[in-house]
Amino acid sequence: MNCHKCDAKAVISLQHGSLCKSHFLSYFEEKVFRTINKFQLIERKDKLCIATSGGKDSLTVLYLTKKYLEKYNCNNELFALAVDEGIAKYREKTLRDLHHFCREQNIRLETVSFNEELGKNLDVAYPFINKGTKKKPCHICGVWRRYLLNKQARDLGATKVVTGHNLDDEAQAIVMNLFKANTKIAGRLGPISGIEEQELFVQRVKPLYFCLEKEVRLYTILKGWQVQFAECPYSHTGYRHDIQEMLNEFEQKYKGTKQGIINSFLAMLPLLREEERKQPEEIKPCQECGEAANQEVCNACKMKAIIQSC
Ligand code: SF4
Ligand SMILES: [Zn+2]
Ligand SMILES: [Zn+2]
């Protein structure tokens, strides 16, 4: 299999042909930069908080956001923010890689942990919360992680949170919301999250929106970065995992399935957002913590209260 651009040995086969190492690296980086420009993910005035875990997606988005700023002579302030959920034998390894990477790349790194901010690690909190609510680890983790990222990014003065969500993640989220008829939540997906600008929410942007998971994986390998490819021990427990398996099976049989989901969704997104604008959800400060909530007490505080009562 040879590169369709230069005839050198190919490292990947994509929908539009195969690419060698050097053509893949430039194709991948240009795709990310094009996404940032097309959807105006970064503006000159933005202070950027890169949400990082030390995994392949977050190292890639961290590196390429910095590279983008250098390429376009932007003076935006940028820092990395890691959330330590407290997942034994997993997160400590990825955080070690992250510290190493940030030192090498000369990037400021801030960390925040479930244990310090919410009182318990995920490993400890999960059985207590699950007992009464049947909530799965990924649900608890997602609520707390989004909560801490938003709060910490805003407190540190960030105007955008840059995340490493890739095309696979987004295709999974679209299908999950479709299967569960969550049209309101679906309307908040896309390269820039959120519908109305809310004072308490920091907007989230996704430069890897059009990058397949296998492309991100290959990019990190070709860059020679120290990165863990092991999966979180809880990753197989959620609904998302089953959707992921299904989409991977489809993609293998019918190349381009995931891209097709994204393209169809982007065509529908303006309609979903218009619907949301007509009937906006009421957002008010949580009575416990003051963070944005669509009910009296936010979900993060509700789960925190369960572990405090144990
Ligand atoms: S797989 Fe689930 S529990 Fe593990 S880090 Fe991701 S959301 Fe959290
Ligand atoms: Zn080539
Ligand atoms: Zn709260």
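In this predicted model, strand 4 (residues 78-84) is mostly covered, with 6 of its 7 residues buried. Strand 4 pairs with strand 3 (residues 48-52) in the parallel sense, over 5 bridges. Within this pairing, isoleucine 50 has alanine 80 of strand 4 as its bridge partner. The chain passes from strand 3 through helix 2 to strand 4, and this β-α-β crossover is right-handed.

Strand 4 also pairs with strand 5 (residues 109-113), again in the parallel sense and over 5 bridges. Alanine 80 stands opposite leucine 109 of strand 5. From strand 4, the chain crosses through helix 3 (residues 91-105) to strand 5. This β-α-β crossover is right-handed. Valine 83 stands opposite valine 112 in strand 5.

Helix 3 links strand 4 to strand 5. Helix 3 has 15 residues and reaches 21 Å from its first C-alpha to its last, close to the 21 Å expected at 1.5 Å a residue. Its buried residues are Arg91, Thr94, Leu95, Leu98, Phe101 and Cys102. They lie on the same side of helix 3 because they cover an arc of only 120° around the axis. The cover over these buried residues includes strand 3, helix 2, strand 4 and strand 5. On the face turned away from the buried side, helix 3 carries the exposed residues Glu92, Arg103 and Glu104. Asparagine 106 follows helix 3 and has a positive phi, near 60°.

A hairpin is formed by strand 1 and strand 2, with 2 residues between them. Strand 1 and strand 2 run antiparallel and are joined by 4 bridges. Leucine 14 stands opposite glycine 17 in strand 2.

Helix 1 (residues 21-38) has 18 residues. From first C-alpha to last, helix 1 reaches 25 Å, close to the 26 Å expected at 1.5 Å a residue. Phe24, Phe28, Val32 and Ile36 are buried in helix 1. Their arc around the axis is only 105°, so they lie on the same side of helix 1. What covers them includes both hairpin strands, strand 1 (10-14) and strand 2 (17-20). Helix 2 (56-71) and helix 9 (213-223) are also among the covering elements. Turned away from the buried side is a face with the exposed residues Ser26, Glu30, Arg34, Asn37 and Lys38. Just after helix 1, glutamine 40 takes a positive phi of about 50°.

Terms used
Residues are numbered from 1 along each chain as its sequence is written. Chains are lettered from A and ligands numbered from 1 in the order in which they are written. This is a predicted model: local features need pLDDT of at least 70, side-chain atom pairs count only at pLDDT 80 or more; totals for chains, interfaces and linings use all residues. The expected span of a helix is 1.5 Å times one less than its number of residues. A residue is buried if 20 or more other C-beta atoms lie within 10 Å of its own, exposed if 12 or fewer, and partly exposed in between; C-beta atoms are placed from the backbone. The arc is that of the directions from the helix axis to the C-beta atoms. Two residues are in contact if their C-beta atoms, placed from the backbone, lie within 7 Å. Two strands pair if DSSP finds at least two bridges between them. A crossover is right-handed if, with the strands pointing away from the viewer, the path from the first strand over the helix to the second runs clockwise.
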